Amino acid sequence: MDLLHLLYDRAIPLTLFTTLGIFSFMFAYALYKTKQRLSKGLVIMGMSMSFFLLLISAASFVFTVFLGYNS
């Protein structure tokens with residue numbers, strides 16, 4: 001099957017996973033820029049949570065494209 005056809009069939013879940021990934025990346029970037037004003041524990045917890053969400057989003061994206069539901 002063509003990769004573009006797979007992306008077209010699964011557009012809605014892939015859009016949600018991409019949006020979650022972009023927002024978690026933006027949150028990590030904002031934490032990185034303001035790390036001097038925040039406590040070290042808060043920055044570490046926020047960064048780890050953000051990268052965990054980014055990892056979940058990327059894994060869900062790959063799962064949906066290649067192993068997801070059959071159409």
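Which helix is Ser24 found in?

1. Ser24 sits in helix α2; helices here are DSSP runs of H or I with at least four residues, strands are E runs of at least two, and both are numbered from the N terminus. Keep in mind that this is a predicted model, where local features need pLDDT of at least 70, side-chain atom pairs count only at pLDDT 80 or more, and totals for chains, interfaces and linings use all residues. Residues are numbered from 1 along each chain as its sequence is written, and side-chain values use heavy atoms, leaving out hydrogens and water.

2. Now the overall picture: the protein has three helices and zero strands, in the order α-α-α. Its C-alpha atoms fill a box of roughly 50 × 15 × 15 Å along the principal axes.

3. Next, look at the α2 and α3 pair. The axes (lines fitted to C-alpha atoms over the stretch in contact, with angles from 0 to 180 degrees between N-to-C directions) of α2 (residues 11–33) and α3 (residues 40–67) come within 9 Å and cross at roughly 160°. The two helices are therefore roughly antiparallel (angles over 145 degrees count as that).

4. Who makes the contact (heavy atoms within 4.5 Å)? From α2 the list includes Phe17, Gly21, Ser24 and Ala28, and from α3 it includes Gly46, Ser50, Leu53 and Leu54.

5. Back to Ser24: this residue is buried, with a relative accessible area of 5% (buried means under 20%, with a 1.4 Å probe and protein chains only). Leaving aside residues up to four places away in sequence, Ser24 touches Ser50, Leu53 and Leu54. Across the protein, buried residues make up 23% of the 71 residues.

Key: Parallel < 35°, antiparallel > 145°, perpendicular 65-115°, else oblique. Contact = heavy atoms within 4.5 Å. Buried < 20%, exposed > 50% of the residue type's maximum accessible area, 1.4 Å probe, protein only.
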